[in-house]
Amino acid sequence: MDSDVLVVDDSAAIRKILQRVLRQTGLAIGAIHEAGDGVEALSVIEQHPVNLVLTDINMPKMDGLQLLASLKGSAQWQKVPVVMITTEGGELKVSEAVRLGAAGYVRKPFTADQIKEKLAGILAPALPL
Amino acid sequence: MNLEKLITDSMCTATLNVFSTMLGQELPPGEVALETGSPGPNDGVASFIGIAGTWAGTGSVNCSPNQACRICSQMLMVEASAVDADVLDAVAELTNMIIGSVKTDLEQHLGPLGLSIPTVVYGRNFRTKSAGQHEWIVINYLWDQEPFTVKLCLAPQERNPHATQAHSYAIEV
């Protein structure tokens, strides 16, 4: 079954790059939804339930760690894996993300292979055509 | 610890790594310079990002409109022939990645630091000024026969070690 994904980043450029990378992973990706911050992400996920969230940390309105805490505190979304994709590589941020329940952490700049490797253990591979 | 060398090395490594990973481009080594006071007038695209914490400052990337379009084209794999919102966004993200990497490197020596959301300016004959009288470390690259510059100023926050606001900067047109 294809997995729907929500990509959350205040940079439209990164959202476009991640959309392209997700399609190239060979994983079973369904619809890809986008949000520019944590507040918008919570609104989007209500309308379009997803199987995976990829989120930046530094964003206006609600940052990625607040979004992660909100999702993990929700009975509806707590089982949805959340992978942080961010320039924030400091030990404090990483350990905070892990403590809040992040399923993975990828530092920007990233390669397509790094994203694929991180998601391979979370999403199913695409069925052969 | 020679902080200036640490910052310079980190800026060079981060810039080359971001260019290689996100743009598939190998930059030739840049020339390091120190800049004090207000820089001269700018043309083109300038991107700024604030750093805050026990040390605070500003990181900046300056490039030509052609380079900005090329950054967008290489990063998004789309044609970009004029500076538009996508191009400015791509330059902002490039700045975020370069200065973000430097920030992460420096945190091992200076303690936790925060990063602001980037701001990008595009225009002609504008001046920028960072609050305070600090020295900028400048790495001047030549990319496709045009200058591409990465700058950072960083200073200890002696008066308020718990300050959370990055240095402010002003833009004069």
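Let's start with the sheet in chain A. This is a predicted model. Five strands of chain A form an open sheet, and the pairing is parallel. The strand order is 2-1-3-4-5. Which strands sit at the edges? They are strand 2, residues 29-35, and strand 5, residues 104-107, of chain A. Each of them pairs on one side only. On average, neighbouring strands of this sheet are turned by 20° against each other, direction ignored.

Now look at one pair in that sheet. Strand 1 of chain A covers residues 3-8. Strand 1 and strand 2 of chain A pair in the parallel sense, over five bridges. For a landmark, take Leu6(A): opposite Leu6(A), in strand 2 of chain A, stands His33(A).

Helix 2 of chain A, residues 38-47, lies across strand 1, strand 2 and strand 3 of chain A. Strand 3 is residues 52-55. The helix runs at about 160° to strand 1 of chain A.

Next, the interface. On the chain B side, 21 residues are in contact with 18 residues of chain A. Three elements of chain B each give two or more residues to that side: helix 1 (3-23), helix 2 (65-76) and helix 3 (85-110). Which helix gives the most? Helix 3 of chain B does, with 11 residues. By class, the chain B side that touches chain A divides into 11 nonpolar, six polar and four charged residues.

On to chain B itself. Chain B has three helices and eight strands. Along the sequence, the pattern reads α-β-β-β-α-α-β-β-β-β-β. Of the 173 residues of chain B, 43% count as buried. Take contacts in chain B between residues at least 6 apart in sequence: 71% of these join residues at least 24 apart.

Two of those helices deserve a slide. Helix 1 and helix 3 of chain B pack at an angle of about 140°, and their axes are 9 Å apart. The cut-off for roughly antiparallel is over 145 degrees, so helix 1 and helix 3 of chain B are oblique to each other. Helix 1 of chain B passes helix 3 of chain B in a right-handed crossing. Who makes the contact? From helix 1 of chain B, the residues include Leu6(B), Ile7(B), Ser10(B), Met11(B) and Ala14(B). From helix 3 of chain B, they include Leu94(B), Met97(B), Ile98(B), Asp105(B) and Leu106(B). By class, this helix contact has 11 nonpolar, five polar and one charged residues.

Let me zoom in on Leu106(B), in helix 3 of chain B. Is Leu106(B) buried or exposed? Leu106(B) has 21 C-beta neighbours inside 10 Å, so Leu106(B) counts as buried. Leaving aside neighbours within four places in sequence, Leu106(B) is in contact with Ile7(B), Ser10(B) and Leu113(B). Trp55(B) is 51 residues from Leu106(B) in sequence, yet 9.9 Å away in space, C-alpha to C-alpha.

Leu27(B) is found in the loop between helix 1 and strand 1 (31-35) of chain B. Leu27(B) has 18 C-beta neighbours inside 10 Å, so Leu27(B) counts as partly exposed. Not counting residues up to four places away in sequence, Leu27(B) touches Thr15(B), Leu16(B), Phe19(B), Tyr141(B) and Trp143(B). Gly44(B) is 17 residues from Leu27(B) in sequence, and 20 Å away in space, C-alpha to C-alpha.

Key:
Residues numbered from 1 in each chain as written. Chains lettered and ligands numbered in written order. Predicted model: local features only at pLDDT ≥ 70, side-chain atom pairs only at ≥ 80, totals over all residues. Pairing = 2+ DSSP bridges. Helix = DSSP H or I, 4+ residues; strand = E, 2+ residues; numbered from the N terminus. Axes fitted to C-alpha atoms, helices over the stretch in contact; angles between N-to-C directions. Contact = placed C-beta atoms within 7 Å. Nonpolar A, V, L, I, M, F, W, Y, C, P; charged D, E, K, R; others polar. Parallel < 35°, antiparallel > 145°, perpendicular 65-115°, else oblique. Left-handed = near helix turned anticlockwise from the far one by under 90°. Buried ≥ 20, exposed ≤ 12 C-beta atoms within 10 Å, placed from the backbone.
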